[in-house]
Amino acid sequence: HGPQAEYIRYGMNYNRFMENVNKVLTLTDIRVNFMVTFNALSVTSFTKFLNDIYNLRVKYNEDDSMNRIPFMISYLRWPQFQDVRVLPTYIKQFYINNIIDFMKQRDRNNSSNRAGRFYLEEIDQAERLKNFIEIEPDNIDILRNQFKSFYNEYDIRRDTNFTRTFPELEEFFQR
């Protein structure tokens with residue numbers, strides 16, 4: 001979402017991307033399917049992205065019989081140092097719990113707008129992600145060093161700033 005998505009996908013303009021999604025949904029009746037690759041850098045802004053999905057659904061789903069804005073969560077496994085499991089447990093648990101809570105508050109039982117709701121299979125994907133992130137890789141120290149080395153070099157080469165873009169990860173990144 002926002003500047004964090006732009007950092008991850010260098011050259012992306014998130015606002016333009018969302019404007020284009022809105023344009024397609026306004027001018028056509030096609031579905032726009034989001035295939036999300038969850039990784040160490042997407043964790044902190046994922047709930048904001050889910051809010052964008054929810055708002056698109058509220059606006060463009062006429063009812064809950066057809067979801068024009070489906071999404072699927074997969075988790076990045078390679079390169080391993082970008083895997084969400086490289087992050088400290090307290091960070092992972094905080095954000096994944098917020099993600100699941102956000103989705104459950106907007107499921108078929110709790111959403112005031114059924115057309116915008118999150119589906120059980122989507123919540124199940126987030127629950128499976130939670131199970132996945134609890135498994136810490138054996139080589140975690142090596143992966144964390146690679147993570148920091150990579151993004152230090154990324155910042156130099158792209159004239160970006162990791163800690164300004166991901167202030168929630170600054171303490172982890174500076175260790």
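Two rings of Phe, Tyr or Trp form an aromatic pair if their centres lie within 6.5 Å, and planes over 60 degrees apart make the pair edge-to-face. The legends below describe close-up views of a predicted model.

**Figure 1. The aromatic pair of F102 and F118 in the predicted model.** A search of the whole structure returns 25 aromatic pairs. In one of them, the ring centres of F102 and F118 are 6.1 Å apart and the ring planes stand at 65°, so the arrangement is edge-to-face. F102 belongs to helix 4 (residues 89–104), whereas F118 belongs to the loop between helix 4 and helix 5 (120–133), so the pair ties together parts that are 16 residues apart in sequence. F102 is buried, because its relative accessible area of 10% falls under the 20% limit. F118 is also buried, with a relative accessible area of 1%. R106 lies over the face of F102, at 3.7 Å from the ring centre.

**Figure 2. An aromatic cluster and a lysine placed over a ring.** One aromatic cluster is formed by Y7, F81, F147, F150, Y151, Y154, F162, F166, F172 and F173. Over the ring of F172, a member of this cluster, sits the charged end of K148, 4.9 Å from the ring centre. F172 is also in contact with I91.

**Figure 3. The lining of the largest pocket.** The volume of the largest pocket is about 270 Å³. Its lining comprises 15 residues, of which H1, A5, R9, V36 and F49 are the closest to the pocket centre. Two or more lining residues come from each of helix 1 (2–8), helix 2 (14–27), strand 1 (34–38) and helix 3 (46–60). Strand 1 gives the most, with four residues. By class, the lining has ten nonpolar residues, four polar residues and one charged residue.

**Figure 4. Two positions in helix 2, N15 and V24.** N15 lies in helix 2 and is exposed, at 53% relative accessibility. The C-alpha atoms of N15 and G2 are 7.2 Å apart in space, and the two residues are 13 apart in sequence. V24 likewise has its place in helix 2. With a relative accessibility of 31%, V24 counts as partly exposed, because the value falls between the limits of 20% and 50%. When neighbours within four places in sequence are left aside, the contacts of V24 are with I30, V32 and R68.

Figure 5. Beyond its neighbours within four places in sequence, I91 is in contact with E168, L169 and F172. From I91 to Y75, 16 residues away in sequence, the C-alpha to C-alpha distance is 16 Å. With its neighbours within four places in sequence left aside, I100 is in contact with A126, E127 and K130. The C-alpha atoms of I100 and N67 are separated by 20 Å, the two residues being 33 apart along the chain.

Figure 6. Most residues other than glycine have a negative phi, and most peptide bonds are trans. P79 is found in the loop between strand 2 (71–75) and helix 4. D159 lies in the loop between helix 6 (140–158) and helix 7 (162–165). With a relative accessible area of 73%, D159 is exposed.

How values were computed: Residues numbered from 1 in each chain as written. Predicted model: local features only at pLDDT ≥ 70, side-chain atom pairs only at ≥ 80, totals over all residues. Heavy atoms only, no water. 1 Å grid on protein atoms, 1.4 Å probe; cavity = no way out; pocket = protein on both sides within 12 Å on 5 of 7 lines; lining within 4 Å. Points joined across faces, edges and corners; volume = space filled by probe spheres on them. Nonpolar A, V, L, I, M, F, W, Y, C, P; charged D, E, K, R; others polar. Phe/Tyr/Trp six-rings, centres within 6.5 Å; stacked < 30°, edge-to-face > 60°. Buried < 20%, exposed > 50% of the residue type's maximum accessible area, 1.4 Å probe, protein only. Lys NZ or Arg CZ within 6 Å of the ring centre and 35° of its normal. Contact = heavy atoms within 4.5 Å.
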